[in-house]
Amino acid sequence: MIRNLEYKEKGKGYKRVIISVYLGLMMLFYLGYILMDNYHQSKSEQWINTDYLTQGDIQNIQQLNFWTSMFENSFWGLMILATLLLLFRYRKNKKALIHFIILHLCLFTSLFLIGYILSFFLISPIGNLTEPLTFSALLPVIIVIYTAFVLINERLSKSI
């Protein structure tokens, strides 16, 4: 009985660490995206004022586009990976699904507010700063629909 409680406590600590790492990586990828996009915007203003772009300028543009896309895709990829892990591992655990949805709504709200506030101080417009969040905001909606489908399916199978 005591060992069982010890394992539960270790499991809770492990989940907290995983959630903290996940949120930290999501924040890191989002802030990396913002920094790269802002730098890209500032450099593009220089390039617009130039009559002739050198081969080095074109390579810089390509590198900035690559790294901006990498941060954005890493943000989306980590979120999709976490969602798939949750759906396959905790499919029947409604409490975990609801916790995940609430966690993501809080995360997206705080990231949106960070992007909105930073848009007043940075060159990048608000649309660019919140771009990674547009697709990401759909996933909690998909999870809610999936959870509702699972609940309805469970109730129908019990009634038969």
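Phe 149 sits in helix H6, where helices are DSSP runs of H or I with at least four residues, numbered from the N terminus. Keep in mind that this is a predicted model: local features need pLDDT of at least 70, side-chain atom pairs count only at pLDDT 80 or more, and totals for chains, interfaces and linings use all residues. Residues are numbered from 1 along each chain as its sequence is written, and side-chain values use heavy atoms, with hydrogens and water left out.

**Exercise 1.** Work out whether Phe 149 is buried or exposed.

*Solution.* Start with the cut-offs: buried is under 20% relative accessible area, exposed is over 50%, and partly exposed lies in between (1.4 Å probe, protein chains only). Phe 149 has 54% relative accessibility, so it counts as exposed. Ile 145, Ile 152, Arg 155 and Ser 159 of H6 are exposed too.

**Exercise 2.** Check the length of H6, then find how its buried residues are arranged.

*Solution.* Step one: H6 covers residues 138-159, which is 22 residues. The expected span is 1.5 Å times one less than the number of residues. For H6 that gives 32 Å, and the model reaches 32 Å from first C-alpha to last.
Step two: list the buried ones, namely Leu 139, Pro 140, Ile 143, Thr 147, Val 150 and Glu 154. Looking down the axis of H6, they fall within an arc of 95°, so they line one face of the helix; the arc is that of the directions from the helix axis to the C-beta atoms.
Step three: ask what covers them. The cover includes helix H2 (55-89), helix H3 (94-119) and helix H5 (131-136), with contact meaning heavy atoms within 4.5 Å.

**Exercise 3.** Run the length check on H2 and H3.

*Solution.* H2 has 35 residues and reaches 49 Å, close to the expected 51 Å. For H3, 26 residues should span 38 Å, and the end C-alpha atoms are 37 Å apart, which agrees. Both helices have buried residues: Phe 75 and Met 79 are among them in H2, and Phe 100 and His 104 are among them in H3.

**Exercise 4.** Find which helix gives the largest share of the nonpolar surface patch.

*Solution.* Members of the patch include Phe 112, Tyr 116, Phe 120 and Ile 126, and the whole patch has about 740 Å² of accessible area. H3 supplies the largest share, 4 residues. Phe 120 is in the loop between H3 and helix H4 (126-129), and its 57% relative accessibility makes it exposed.

Notes:
Helix = DSSP H or I, 4+ residues; strand = E, 2+ residues; numbered from the N terminus. Patch = residues over 30% accessible without salt bridge, like charges linked within 9 Å, V, L, I, M, F, W, Y side chains within 5 Å. Areas by Shrake-Rupley, 256 points an atom, 1.4 Å probe, with all protein chains shown as cover. Salt bridge = Lys/Arg side-chain N within 4 Å of Asp/Glu carboxyl O.
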